[in-house]
Amino acid sequence: MLMELETSEGVEESEKQRSAPERETPSRMADLSELLKEGTKEAHDRAENTQFVKDFLKGNIKKELFKLATTALYFTYSALEEEMDRNQHHPAFAPLYFPTELHRKEALIKDMEYFFGEDWEKQVQCSEATQKYVERIHYVGQNEPELLVAHAYTRYMGDLSGGQVLKKVAQRALKLPSTGEGTQFYLFENVDNAQQFKQFYRARMNALDLNLKTKEKIVEEANRAFEYNMQVFNELDQAGSLLAKEIVEDGLPVHNGKGDVRKCPYYTANQDKGALEGRSCPVGTAIAVLSKPSLQFILAASVALAAGLLAWYYM
């Protein structure tokens, strides 16, 4: 009788062990790439319906208008790749570490030199919204390295996809050299086949040993990354609209190139409200040297940055 009880309990326990994983498998084995695709759909929809994106894709920009967006990208990728280098051996990120194939900082430096000249570092500063994005990336890299997956995926997969469309639009609309000057950011010299590499990257990502809770946090972080991008866009949009309006209507003075907020039309338009007391102009912190003709590039740079978000759609 005791033997029968033990056998029965053994079978019962064995069945429990077999059935439990079967119930958990669908959630535990959910592909991270699919979770990201579905979990960021709303962000995709918002990017797709942005008027600025539509304008950019129509080529409604001028030759100098990539500068501000390139500056934001430079600071963003500098932070991202610094943290990726820091965590290149972390088990939750190491399989996605492809510096030779993906890293963009060096390419962006070439673009910055093309647009601003050899002394470009003295001319540009990180904008307020971009700084918040940069700070989040550093926080993640130093405290929750597994969430770097979200930032890497949303940036690099987009660059390999829709970014290639943007490159062609920019070269045509801005009359940039076909040899790649000004668009090195979009050139992945060590990726022979972008589509195959993206499939390989997704496979590596799906193979990461992560539980469902961590995957959900990564999806949440991907949406957070998108929001940071949108904040940068909104900053550019607001400052660009005010600057354009003031220059056209009142011919107010522009930046003196040294970050003096009192010389900025944005400040002048709001000084009676005390809106900018103790703060620098969002444009002044984004790029230190602006000339009157170059003010036009702010709106289009906003377009360029927003269009960069559209790249998610091509992943």
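This is a predicted model: local features need pLDDT of at least 70, side-chain atom pairs count only at pLDDT 80 or more; totals for chains, interfaces and linings use all residues.
Let's start with α7, which covers residues 105-116. Its end C-alpha atoms are 16 Å apart, and this agrees with the 16 Å that twelve residues should span at 1.5 Å a residue.

Which residues of α7 are buried? They are A107, L108, I109, D111, M112, F115 and F116. These buried residues pack against two other helices, α5 (67-86) and α8 (120-123).

## Helix α10

Helix α10 takes in residues 148-160, 13 residues in total. From its first C-alpha to its last it reaches 18 Å, close to the 18 Å expected at 1.5 Å a residue. As for its setting, α10 is mostly covered, with 13 of its 13 residues buried.

## Aromatic pairs

How many aromatic pairs does the structure hold? There are twelve. One of them joins Y133 and Y228: the ring centres are 5.6 Å apart and the planes lie at 5°, under the 30 degrees that counts as stacked, so this pair is stacked. The pair links distant parts of the chain, since Y133 belongs to helix α9 (residues 128-143) and Y228 to helix α13 (residues 212-250), 95 residues apart. Both Y133 and Y228 are buried.

Now for F197 and Y201, whose ring centres are 6.4 Å apart. Why is this pair tilted? The planes meet at 35°, which falls between the 30 degree limit for stacked and the 60 degree limit for edge-to-face, so the pair counts as tilted. Both residues sit in helix α12 (residues 194-206), four residues apart, or about one turn of the helix. An α-helix has 3.6 residues a turn, so residues three or four places apart point the same way.

Are F197 and Y201 buried or exposed? F197 has a relative accessible area of 11%, so F197 is buried. Y201 is buried as well, with a relative accessible area of 0%. Elsewhere, ring pairs link Y77, Y156, F185 and Y186 into a cluster.

## Charges over rings

Two charged side chains are worth a look here. K67 lies over the face of F116, at 5.4 Å from the ring centre. F116 is also one of the buried residues of α7. R104 lies over the face of F188, at 3.8 Å from the ring centre.

How values were computed: Residues are numbered from 1 along each chain as its sequence is written. Side-chain values use heavy atoms; hydrogens and water are left out. The expected span of a helix is 1.5 Å times one less than its number of residues. Buried means under 20% relative accessible area, exposed over 50%, partly exposed in between (1.4 Å probe, protein chains only). Contact means heavy atoms within 4.5 Å. Rings of Phe, Tyr and Trp (its six-membered ring) pair if their centres lie within 6.5 Å; planes under 30 degrees apart count as stacked, over 60 as edge-to-face and the rest as tilted. A charge sits over a ring if NZ of Lys or CZ of Arg is within 6 Å of the ring centre and within 35 degrees of the ring normal.
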